[in-house]
Amino acid sequence: MQFHHHGYVSGDPRVLPAAGIGRDRPAEIPDEVDVLIVGSGPAGMLLAAQLSRYPEVTTRIIERREGRLALGQADGIQPRSVETFQAFGFAERIVAEAYNIGWMNFWGPDPEDPARIVRRSRTADYAFDISEFPHLIVNQARVLDYFAEAAADGPGRIVPDYGVEFLGLDVPEDEAAPVEVRVRASTGSGTGPGGSGERTVRARYVVGCDGARSRVRDAIGRVHVGDISQHAWGVMDVLVDTDFPDWRIKCAINSAAGNILHIPREGGYLSRIYVDLGAVAADDAHRVRQTPIEEIIRRANEILHPYTLDVREVAWHSVYEVGHRVTDGFDDALDTGRTPRVFLTGDACHTHSAKAGQGMNVSMQDGFNLGWKLGAVISGQSPATLLATYGTERRPVAQQLIDFDKEWSSLMARKPEEISDPEDLATYYLATAEFPSGFMTQYAPGEGVVSATSRQELATGFPLGKRFKSAPVTLVADGNALHLGHHASADGRWRIYVFADADGLSDGSATARFAQWLGEASDAPIRRFTPPGADLDAVFDVKVVYQQGFGEVDATSVPEIFRPHTGPLGLRDWEKVFAAGPSRWNEADIFAERGLSRDGVVVVVRPDQYVAQILPLDARDELTAFFGEWMLPQG
């Protein structure tokens with residue numbers, strides 16, 4: 001973590017100095033805002049945390065509830081989400097309080113006595129085979145708390161406006177006119193004169209993060225496409241006394257009486273149980289949703305025989321029928337070609353079963369994708385055409401999620417006689433691990449903010465359109481090993497990683513020539529797209545990784561673009577120069593681990609951590625042209 005560059009900080013360095021609208025944030029929602037977020041779920045709160053890093057953007061987030069969520073329904077945190085938490089500054093803290101999934105056990109009927117269940121197989125969880133981040137279970141409410149903290153502590157000082165209900169909106173034909181949003185405040189909520197009643201808020205952009213029954217979706221004429229399967233599940237968070245030996249291990253349990261997905265929760269005692277309630281009659285009319293908790297507990301005990309559950313407390317429970325739906329569009333453009341002004345995220349545009357643990361995770365990536373794009377457009381960094389790429393990129397991801405969840409849900413709901421291979425569920429769990437972990441998302445080159453002219457062969461370990469897969473390097477300034485990707489925060493900046501050629505330390509090297517051009521030339525992205533008077537790294541965070549060991553690199557003699565002065569005090573940034581060569585603390589070589597060309601390569605990473613461009617060190621025009629497509633000249 002870097003701080004003190006704006007002056008000495010004696011308090012929590014995570015609380016950034018207030019700026020822009022954050023210096024005097026009005027208690028009441030203004031009549032006009034840049035962004036109005038409807039709903040404070042995972043996508044909405046991440047979006048608020050991201051936009052808090054754009055203090056020149058007036059952002060408000062409204063929530064119908066009167067206060068913070070006390071108990072959330074979602075709980076699975078995939079490694080990609082933990083990676084995202086790291087960028088927002090709270091991964092270590094949430095990991096400390098979460099349940100870490102180390103194993104997945106699979107139970108089935110005892111071949112000698114099918115009325116009893118036995119453990120059929122045990123497999124290590126996939127997380128650390130894929131990423132340096134763990135697979136966690138933690139209450140959704142805590143995730144929202146951490147994002148709320150990041151939003152409130154960011155320069156924009158964004159906090160939710162609770163007790164405010166969205167009623168409807170109108171999108172004017174004139175694209176220059178704001179969207180008119182009708183809201184109603186609870187008595188005394190303080191959102192308008194007198195603190196109650198209906199009013200209209202005019203917003204340049206509106207984001208519907210308001211769940212599966214989204215009113216924002218209805219208001220723009222979008223519809224969910226899909227169906228509900230004829231199968232129901234009861235789900236409960238419980239504190240129990242039990243003799244089931246794997247109570248603190250994630251388990252898939254199949255028996256003659258039905259199925260259970262058992263997931264231990266944080267804190268060492270709480271667990272979540274998904275209980276198979278069986279097929280639902282076509283004329284049920286959702287009556288199954290009235291199944292009492294006592295029946296869910298009875299079914300759970302029946303499935304677990306010969307083990308028993310003595311439920312001492314039910315923290316939360318519900319009944320749901322598996323639904324698989326994707327909204328026919330993620331914004332209000334309605335295929336007209338005009339610039340979208342209203343967007344949908346999370347459950348407002350995709351719904352599915354909870355058992356694959358994807359709802360909250362995919363929703364947060366919706367918010368991450370949209371957040372930096374809104375911030376860049378409204379702050380004048382990028383053209384409004386950038387916003388159309390949100391739906392282009394995220395809707396295919398949602399469809400992939402639905403397809404995956406249909407197969408996983410079907411496998412989980414089988415009867416014993418329908419299972420020919422007792423190991424197939426465990427095999428499927430591991431074989432498909434990259435998708436549920438969040439790392440299979442790949443934005444198509446040329447269809448979104450990913451270049452179609454990249455040179456993938458120069459960096460084979462950084463797949464184009466996928467998230468930047470970190471690897472260890474050594475910080476030259478102090479000799480400490482760290483993950484290169486962990487040195488980037490969710491601050492809205494682009495990352496330009498310069499992986500030096502073998503002769504990169506010499507004055508006449510390809511790296512030195514590229515660095516001089518990047519830092520000084522008027523046609524280079526730095527000078528062209530950074531606002532006058534701003535820090536040299538205000539828009540682009542440029543880092544260099546030399547092939548040599550850190551003892552061979554003199555941090556005071558590398559090109560200026562890799563050691564810029566920053567902040568009002570003009571202090572030099574010592575944390576942009578890295579070494580790949582082995583050291584006492586780092587035996588890895590990022591060039592070898594990520595298939596990087598020894599002739600040097602430039603890897604461009606978007607603010608939401610996805611690889612957008614890969615070029616050789618002499619591809620200067622191509623680099624400027626790529627940024628020119630998504631950024632506006634400044635000054």
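I call a residue buried when its relative accessible area is under 20%, exposed when it is over 50%, and partly exposed in between (1.4 Å probe, protein chains only). Helices (H or I, at least four residues) and strands (E, at least two) are DSSP runs, numbered from the N terminus.

The model is predicted, so I kept local features at pLDDT of at least 70 and side-chain atom pairs at pLDDT 80 or more, while totals for chains, interfaces and linings use all residues. Residues are numbered from 1 along each chain as its sequence is written, and side-chain values use heavy atoms, with hydrogens and water left out.

**Helix H2**

I looked up H2, residues 79-88. The helix is mostly covered, with 10 of its 10 residues buried. Gly-89 follows H2 and has a positive phi, near 90°.

**Annotated span**

I then checked the UniProt record. Its unreviewed entry places "domain: Phenol hydroxylase-like C-terminal dimerisation" on residues 442-634. UniProt positions are given in the numbering used here, feature names are shortened, and annotations may be inferred rather than shown by experiment. In the model, residues 442-634 are 16% helix and 19% strand, and the end C-alpha atoms lie 31 Å apart.

**Sheet**

I traced an open sheet of 7 strands with mixed pairing, in the order E20-E19-E25-E22-E21-E26-E27. Its edge strands are E20 (481-483) and E27 (611-615), each pairing on one side only. Neighbouring strands are turned by 30° against each other on average, direction ignored. Two strands pair if DSSP finds at least two bridges between them. E21 (residues 494-499) and E22 (residues 540-546) pair in the parallel sense over 6 bridges. There, Tyr-497 stands opposite Lys-543 in E22.

Helix H11 (residues 510-520) packs on this sheet and touches E21, E22 and E26 (601-605). Contact means heavy atoms within 4.5 Å. The direction of H11 makes about 170° with that of E22. Axes are lines fitted to C-alpha atoms, for helices over the stretch in contact, and angles run from 0 to 180 degrees between N-to-C directions.

**Backbone checks**

Most residues other than glycine have a negative phi, and most peptide bonds are trans. I noted the exceptions below.

- The peptide bond from His-305 to Pro-306 is cis, with omega near 20°. Pro-306 is found in the loop between H7 (293-304) and E16 (309-327).
- His-4 has a positive phi, near 80°. His-4 is in the segment before E1 (32-38) and is partly exposed, at 33% relative accessible area.
- Gln-609 also has a positive phi, near 80°. Gln-609 sits in the loop between E26 and E27 and is buried, at 12%.
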